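Hello,

Here is the structure I promised to pass on. Please have a look, then read my notes below.

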There are 4 protein chains.
Amino acid sequence: MAGSTLGNIFKISTWGESHGKALGVVIDGCPAGLSLSEADIQPYLDRRKPGQSRYTTPRKEDDEIEILSGVFDGKTTGTPISMILYNTSQHSGDYSEIASYYRPGHADYTFDKKYGFRDYRGGGRSSGRETAARVAAGAVAIKILKELGISFTTYTRSIGDIEISYDNFDENEIMNNMLYMPDKQAADNAGRYIEEISKDHDSIGGVIECKVSGAPAGIGDPVFEKLDANLAKALMSIGAVKGVEIGDGISVSRKKGSDNNDGFILCENNPDNNNSTSDNYNSSSIIKSSNHAGGILGGISDGSDILVRASFKATPSILKEQTTVNKNNEEINISIKGRHDPVIVPRAVVVVEAMTAITLIRRNIT
Amino acid sequence: MAGSTLGNIFKISTWGESHGKALGVVIDGCPAGLSLSEADIQPYLDRRKPGQSRYTTPRKEDDEIEILSGVFDGKTTGTPISMILYNTSQHSGDYSEIASYYRPGHADYTFDKKYGFRDYRGGGRSSGRETAARVAAGAVAIKILKELGISFTTYTRSIGDIEISYDNFDENEIMNNMLYMPDKQAADNAGRYIEEISKDHDSIGGVIECKVSGAPAGIGDPVFEKLDANLAKALMSIGAVKGVEIGDGISVSRKKGSDNNDGFILCENNPDNNNSTSDNYNSSSIIKSSNHAGGILGGISDGSDILVRASFKATPSILKEQTTVNKNNEEINISIKGRHDPVIVPRAVVVVEAMTAITLIRRNIT
Amino acid sequence: MAGSTLGNIFKISTWGESHGKALGVVIDGCPAGLSLSEADIQPYLDRRKPGQSRYTTPRKEDDEIEILSGVFDGKTTGTPISMILYNTSQHSGDYSEIASYYRPGHADYTFDKKYGFRDYRGGGRSSGRETAARVAAGAVAIKILKELGISFTTYTRSIGDIEISYDNFDENEIMNNMLYMPDKQAADNAGRYIEEISKDHDSIGGVIECKVSGAPAGIGDPVFEKLDANLAKALMSIGAVKGVEIGDGISVSRKKGSDNNDGFILCENNPDNNNSTSDNYNSSSIIKSSNHAGGILGGISDGSDILVRASFKATPSILKEQTTVNKNNEEINISIKGRHDPVIVPRAVVVVEAMTAITLIRRNIT
Amino acid sequence: MAGSTLGNIFKISTWGESHGKALGVVIDGCPAGLSLSEADIQPYLDRRKPGQSRYTTPRKEDDEIEILSGVFDGKTTGTPISMILYNTSQHSGDYSEIASYYRPGHADYTFDKKYGFRDYRGGGRSSGRETAARVAAGAVAIKILKELGISFTTYTRSIGDIEISYDNFDENEIMNNMLYMPDKQAADNAGRYIEEISKDHDSIGGVIECKVSGAPAGIGDPVFEKLDANLAKALMSIGAVKGVEIGDGISVSRKKGSDNNDGFILCENNPDNNNSTSDNYNSSSIIKSSNHAGGILGGISDGSDILVRASFKATPSILKEQTTVNKNNEEINISIKGRHDPVIVPRAVVVVEAMTAITLIRRNIT
């Protein structure tokens, strides 16, 4: 059954394997008249590119995006936008060994069980490289949303036990360090920690947080198509994610109602606040006095900032020895060579942003 | 846009408000030939019924399910199964006050912003009562899965800070205490804690865990329709859930690859193990030596137990004073009267089980 | 797989068998704020009711519609509208014989092959009675469209060889005769013809035409979701339909391009014409000088009247002797007793109207 | 809203404009393990290629298909298959004039009304060239179905008034003449007729028929997802189609029940017949004694040949003078130059076959 298509108004279909000829995405349902060129997309792809820092794999991927359809005279036409990335620097030879066993923590085993065989070159369709197509689609979604006054701040919240301090939060720092952390000191500490982990031939997980500002109240539908439900699906669909949280997230389980509820208050003359108008309750603005809910009440955006968080597991490909079973049905010890990120989190920051943006418009823009 | 329909092979559409005439669900795509009657459904509804213990609201709801179509001579026909629950014991008068203000933590404000007005009687469509229809559909899903050898163990893992001890885990205890906890001592402690909270006119959150045993490898599709992605959506669509985890969940962010990866080992002569056959790698069985992944690799079930977890916030309706804004655009202090659960978690256990079951078959059975 | 759900913005799910307890429909995605009560729906159901004339079956069906959810204070709330019709006058005993053989021209054989058995009472889910739920949903769709200035004229175009004359076309006559023909003379002739057919224990087919006025240009999407494609699906999904046409329909196969193309002309000062504004080409209005296309160009409405046509086969249940095979695997001759319409067409007029209306808004209203 | 995606099990998404860089299709949900290469696809594309005969446009299109993903070691992997056709021989200059007016019978006007502007080069997305992507996807569908014993016979039934005689029906003749007619004499006559029409600077319509043999009973779902409903949608979605028929089609409106019903009979020892097994009614086979129904009863295939028919209008682009309105809002007379087929029907034969095949598996294979 088809699994690579998402959304119904802004619908994306991705395709391509890590070591095939190319990969890409078709966006169907993008509004007509949006100014769009490759220059709008490429910077987002560059954010997930490897080879940018000493914390990410030194592989070179060109990842140069090309728009094949749906744009005419520099503007979207309302018809499908097809985008392609050619795989120029993959060397299938690097990965031949993994054909002979199941890598722990990867999809090798389950693909084999489901399909009978697998494209074993670099993980094939289950490779993290698949997310490049999501980022290309996300860049279009982000551009549409920007025109509606909606913006994104996405960053690494923690790597291993090293977490940012919100007292040190500096939005400008995010693009300044290789880990996309909004706290220079945390970034420095995390950088040193990753080096240690690498020397130990191991890898480490982390948490990415995304804040959406400027979204109006009313996005999302009751019951099964709640905005938070679709955000959870979108983020959990990213390869290494094992937990998704909205607002205060899992900590709400330990909190009392009196602590967790966000009261409503009046906020006169607050032009910057996007929940400042109330059609029903007169002219003064109603806002929440806190945002434990993360901007979503009853599955519908409430006008406050939308806050989501995804927990990523450590890169499963490690040089450190592991046990598995090979083709001859023997238990073996393996050590996975090749150029693998000791931490996937920094490169995934833009993927989280892309998936959040795609979710906000996949059902709801007109 | 439609939001009350879920799935495409086993598709459910729910309807109904807390204080309308009735509520119900239409299941389209249930396989033909399944033996089915109201007696298969009612016990599940009884598990979410209020008025069963001193920890849940003393309201009486009959919640007697009636099958209106899709069953002939005691068996499903393959055509839509319509089920209805009449609202017999609701008193709209109890809720008239809430028409005049926005209850903190509820969907009153967002429904008004989205639709222009709302059915304010008991929360209308956003009431927790909506989940009764999910449970009815879930009971059918669970019955289908049971025939395929798939079973569920669902329980309260924690209430506030009081968590079960896996050393004391006793599956038989789950149905023995009013909190559905598999640890008698934790249940006793939690019971006392809830009484304190109640006396303080407050409420508390908690965590529900669901373990699926017997699911074969191969359920779920790559990329956007990963099994864990659909489970996350299904659980996050339950009213009070703010966090969803698979396997080790958010704790993976702090773990190293060498700790988090589940190695593969051979398991000869393990007839009980449902990942005991490997068509590709000879006749001996391959299993994982641990299950940090929670039974899902690359979005596809791997034959191990599937483990999901949802974090619930505290009931937002509390007697304790809160601030909000009323129809006259005045900030007011309110105290929400009426019969409200101090903790929603016990009644939600069966809802988590229902949504997990519906997700397992919504795309994948044939 | 689910088959009883249609649409994605205005989504309907129907359920129920001919001789079950009830049948109904859930509409999900109806806009909030629409004034709605049973009185808006009932007249449409009455148009498909049997027992109204000597040309339709003398059975009595109450078909009294009840709204169970989604309406509050007389207005739709934006949440699912559930509607139910109880089956009060069905007598299962009447149909017991058909359990023993396959009726020619019915779905008995194919349901058995697909599902392994069938609800044989009056055709079960494959009964024409299923369309009552479509009509209830259609009545809501028609009401929404009416508020947007879109109206429907639907009528019997022909019965057997007896066709209306467009020279005699009288819209007011449609509701005046039992056959819903807009030509009194044709209706009289057809009435006599049906009586003859009935005496001969036979049945006859016919054609229904639906004209939609006031639809703006721009409805429908390119490629697979063309408006005419969705209309074709909607009409072909009505039980007895074997052909669907748009505009000049199958006759276009015999026509030259110069005869079939509709030229564009200017139409100044035509306020009644709904394609009177051109944002692109200045202020004067552009219209088509003819409407062979039936109001649809490239799958998108062009502002002219939309014209669709469906050809219905004769009622397959006839008293006249037919051959079939029975449960003992014997070829037998049968004569189907019971109260069956000698022509299904008049009762199907409102079904065609309902399906056309549902199609116009199923993807496109906001 | 998205319109270029079709199906849910075998799902296709097409993209590309007539004069863009390329066009293509992504197939998601193709079963794993199917042997597949470009050589399986190219012959189908060649059937819709222009420049093959004196009856079709002398343009040269290479239309060389390339598979970019989803195939590994010569077999499908179960992941998306992306296929691309580069537009190598288009000359945008040829089409610059049509930017200045609305061509009658084309989608120029409606695209402008819907999207605000259009890619006017050769019709852009609304060009018949879009169907090349459908044919590529159809070739895969046909290959899958062939392995299940299902085959297609598709041909031109009529051009203008010149219709094949079923007495002369010769399946081998179909590929022998440029018009794909199974009757040499009709093909000769039609060829001469087209030459006349061409000399007169005009164009002509026609009818295509598709017969599916070997399909088992049970394909299709009740109510809205009937097989005939989906076939109608699929065929009506092809640009120039204005009428779709199943089996006896619109002629059923003139027939009596006793003439139109297909009786059931026993057929012992008929190994070639694909409705030869009856699980319910003993071991002997039940077949229909005739096939007015076109192989579909109650929306579900009945094991007989499935017969569908589509009526195509004449090519709207003609050299003969027509009236339209230009950008300066003036009524003008135009004569559309360029290389246009005087009849679109022969090139559309393979498109009808492709859409029929895609429909048969879009919901139903496993």
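Start at a chain crossing: B:Asp161 and A:Arg254 form a salt bridge, with 3.0 Å between the closest N and O atoms. By salt bridge I mean a side-chain nitrogen of Lys or Arg within 4 Å of a carboxyl oxygen of Asp or Glu. The pair links two chains. B:Asp161 sits in the loop between strands S8 (151-159) and S9 (162-163) of chain B. A:Arg254 sits in the loop between strand S11 (241-246) and helix H6 (257-260) of chain A. Helices (H or I, at least four residues) and strands (E, at least two) are DSSP runs, numbered from the N terminus. B:Asp161 is exposed, at 57% relative accessible area. A:Arg254 is partly exposed, at 43%. The cut-offs: buried is under 20% relative accessible area, exposed is over 50%, partly exposed lies in between (1.4 Å probe, protein chains only).

This is a predicted model: local features need pLDDT of at least 70, side-chain atom pairs count only at pLDDT 80 or more, and totals for chains, interfaces and linings use all residues. Residues are numbered from 1 along each chain as its sequence is written, chains are lettered from A and ligands numbered from 1 in the order written, and side-chain values use heavy atoms, without hydrogens or water.

Confidence next. The model scores ipTM 0.94 and pTM 0.95. Chain A averages a pLDDT of 90, and 89% of its residues score at least 70. pLDDT is the predictor's confidence in each residue, from 0 to 100. Residues 270-283 of chain A stay under 50. Where pLDDT is low, the predicted coordinates should not be read in detail.

More on charge pairs. There are 104 salt bridges over all chains. C:Glu225 and D:Lys233 meet in one, at 3.0 Å from N to O. The pair crosses between chains, from the loop between strand S10 (206-213) and helix H5 (227-236) of chain C to helix H5 (residues 227-236) of chain D.

D:Asp188 pairs with D:Lys184 in a salt bridge, closest N and O atoms 3.2 Å apart. Both lie in helix H4 (residues 184-199) of chain D, four residues apart, about one turn of the helix. D:Asp188 is partly exposed, at 36% relative accessible area.

Last, helix H1 (residues 38-48) of chain C. Its buried residues are C:Ile41, C:Gln42, C:Leu45, C:Arg47 and C:Arg48. They pack against strands S4 (65-67) and S7 (81-86) and helices H3 (131-147) and H7 (345-362) of chain C.

Best wishes

Conventions. Contact = heavy atoms within 4.5 Å.
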